[in-house]
Amino acid sequence: WLLRRKGIEPATLIKLDVDGNELSVLRGMEPWISDQGCPLRSIQVEVHQLDEAKIVKFLEPHGFKVVEFHYTQYGQQALDQGIAPERISRNAVFLRM
């Protein structure tokens with residue numbers, strides 16, 4: 001409503017990094033992303049090991065598929081220092097297919 005009122009076009013790409021609350025934010029966005037008229041084509045989400053499978057499972061029914069996982073520069077440095085991968089969050093890129 002606010003976007004339309006201000007004449008702002010809806011987003012086609014969203015980047016989420018909300019310190020472990022990504023799944024909650026996505027659930028709050030569900031009415032928008034499930035709308036057939038939603039222009040959203042890509043979502044990049046910081047995923048933590050515990051929520052990764054849940055996020056993938058949540059987005060797939062809305063037509064989003066994971067096309068890439070990658071670590072941030074910080075994450076790569078942590079890996080290089082020997083920190084276990086399951087302790088490091090990474091980014092997942094989803095595209096609507």
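A: Start with cover. Buried means under 20% relative accessible area, exposed over 50%, partly exposed in between (1.4 Å probe, protein chains only). Of the 97 residues of the protein chain, 31% are buried. This is a predicted model: local features need pLDDT of at least 70, side-chain atom pairs count only at pLDDT 80 or more, and totals for chains, interfaces and linings use all residues. Residues are numbered from 1 along each chain as its sequence is written, and side-chain values use heavy atoms, without hydrogens and water.

Q: How many helices and strands does the protein chain have, and in what order do they run?

A: Helices (H or I, at least four residues) and strands (E, at least two) are DSSP runs, numbered from the N terminus. From the N terminus, the order is α-β-α-β-α-β-α-β.

Q: Which strands pair with S2?

A: Two strands pair if DSSP finds at least two bridges between them. S1 (residues 13-16) is parallel to S2, with four bridges. Here Lys15 has Gln44 of S2 as its bridge partner. S4 (residues 90-96) runs antiparallel to S2, with six bridges. Val45 is bridged to Ala92 in S4.

Q: Is S2 (residues 42-47) mostly covered or mostly uncovered?

A: Mostly covered. Five of the six residues of S2 are buried.

Q: What handedness does the β-α-β unit of S1, H2 and S2 have?

A: A crossover is right-handed if, with the strands pointing away from the viewer, the path from the first strand over the helix to the second runs clockwise. The unit of S1, helix H2 (residues 22-33) and S2 is right-handed.
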